[in-house]
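Please open the structure in a viewer and keep the selection tool at hand.

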Amino acid sequence: MVFRWFAEGHDKIPLGYIRQIPGMTGVVTSLLDIPVGEVWPIERVKRLKQEINKYDLEIEVIESVNIHEDIKLGEKTRDQYIQAYIDTMKNLSQIGVKAICYNFMPVLDWARSDLARSLQDGSKTMSYQHDYIMNINPRNLAEQFGNQSNGFELPGWEPDRLKEMVATIDKYKSIDEKQFWNNIKYFLDSVIPYAEKFDIKMAIHPDDPPWSIFGLPRVLTSRDNIRKFLNLNTSVYNGITLCTGSLGSNRNNNLPSIISEFAAQGRIHFAHIRNLRFESEKDFYECGHLSKCGSFDLFEIVKAFYDSGFDGYIRPDHGRMIWDETGRPGYGLYDRALGATYLNGLWEAIEKMNP
Ligand code: CS2
Ligand code: MN
């Protein structure tokens, strides 16, 4: 079990606290201050490892090494950014990183309509209202996120990404889905041979929400499209992050069945597990991990991983803000620690029932 930690200066949760969560063996982290497209320097990467290892925690998963927009757009300049990506992979392999989570969402990453919606029990959480997102201009949404993020830079909404946002969104007008798939394949065929060489499993994160927003193509959305993605490059090093909250927000995605299919093929390298509660077909809020709190059956989800012989990394995903905690939306300490403990409990029970 691993825990997402945004590194010194970007996270107020001390590593020492993370170490005290039962069963926690490592953190999933990143170097948020390095602009997308630049190589992560080996000294920085080594220092990050030393800092984490001091607390007896491992650093085997990076989330994320972001992909430069020119790669996603298939621009002529993409080769230089792909080379930088490979150089970063090489540096990460030198400190023993085994998996990289990344995404291929154009311009933006995940989207929510509210980062701090109050629930009846006094907790605060992130929620998604489809009409709101369909009617808001992305610049206004970015501004709202800035006001609601308690001073943290949100992953996926970094300032260097937002500066050019409107112009970049425009560039996608000339890219149809076929071209976009070709751009993904070009990236995969360039980096996967190095992933094999460096023994780093590449684990793409599904789009969140798994449908198009702001007129942008989004393709990592369903079982069929994940199949198509995995077939673009059939190396086992080309795999996915199975994020239940992202993929599951499309109600047509049957999570246990999708997990069974791809975990059995050894193509899921990283699992983000959380629950959410639907309020209508496409509206939902993020609830506690417990099955009873939301719309997913977490027992069936964990069992699907277990039964398919999954041996990748698992982390609890977004938590609510509880016990008056303030911090980075979705990434407080308490509710995610409760989530980790619940997931560990499910895993232990399922394991012992299958001697
Ligand atoms: C994360 C994503 O917080 C989240 O929702 O799951 O931002 C994830 O880190 C990226 O999409 C992976 O590149
Ligand atoms: Mn996720």
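**Stop 1: the ligand**

By class, the shell around ligand 1 holds 5 nonpolar, 6 polar and 3 charged residues. Here Ala, Val, Leu, Ile, Met, Phe, Trp, Tyr, Cys and Pro count as nonpolar, Asp, Glu, Lys and Arg as charged, and the others, Gly among them, as polar. The model is predicted: local features need pLDDT of at least 70, side-chain atom pairs count only at pLDDT 80 or more, and totals for chains, interfaces and linings use all residues. For making selections, residues are numbered from 1 along each chain as its sequence is written, while chains are lettered from A and ligands numbered from 1 in the order in which they are written.

Next, select S64, N103, W110, G156 and H205: of the 14 residues around ligand 1, these come nearest. A residue is near a molecule or strand if its C-beta atom, placed from the backbone, lies within 6 Å of it.

**Stop 2: the sheet**

Now display the strands. In which order do the 8 strands of the open sheet stand? The order is β1-β2-β3-β4-β7-β8-β9-β12, and the pairing is parallel. Helices (H or I, at least four residues) and strands (E, at least two) are DSSP runs, numbered from the N terminus, and two strands pair if DSSP finds at least two bridges between them.

Select β1 (2-4) and β12 (313-316) at the edges; each has a single partner strand, so one side of each is left without a neighbour in the sheet.

- β1 and β2 (residues 26-29) run parallel and are joined by 3 bridges; V2 stands opposite G26 in β2.
- β3 (residues 58-63) and β4 (residues 99-102) run parallel, also with 3 bridges; V61 stands opposite A99 in β4.
- β4 and β7 (residues 201-204) run parallel with 4 bridges; I100 stands opposite M202 in β7.

**Stop 3: two packed helices**

Finally, select helix α13 (residues 298-307) and helix α14 (residues 334-352), which pack at an angle of about 60 degrees with their axes 10 Å apart. Axes are lines fitted to C-alpha atoms, for helices over the stretch in contact, and angles run from 0 to 180 degrees between N-to-C directions. Angles under 35 degrees count as roughly parallel, over 145 as roughly antiparallel, 65 to 115 as roughly perpendicular and the rest as oblique; α13 and α14 are therefore oblique to each other.
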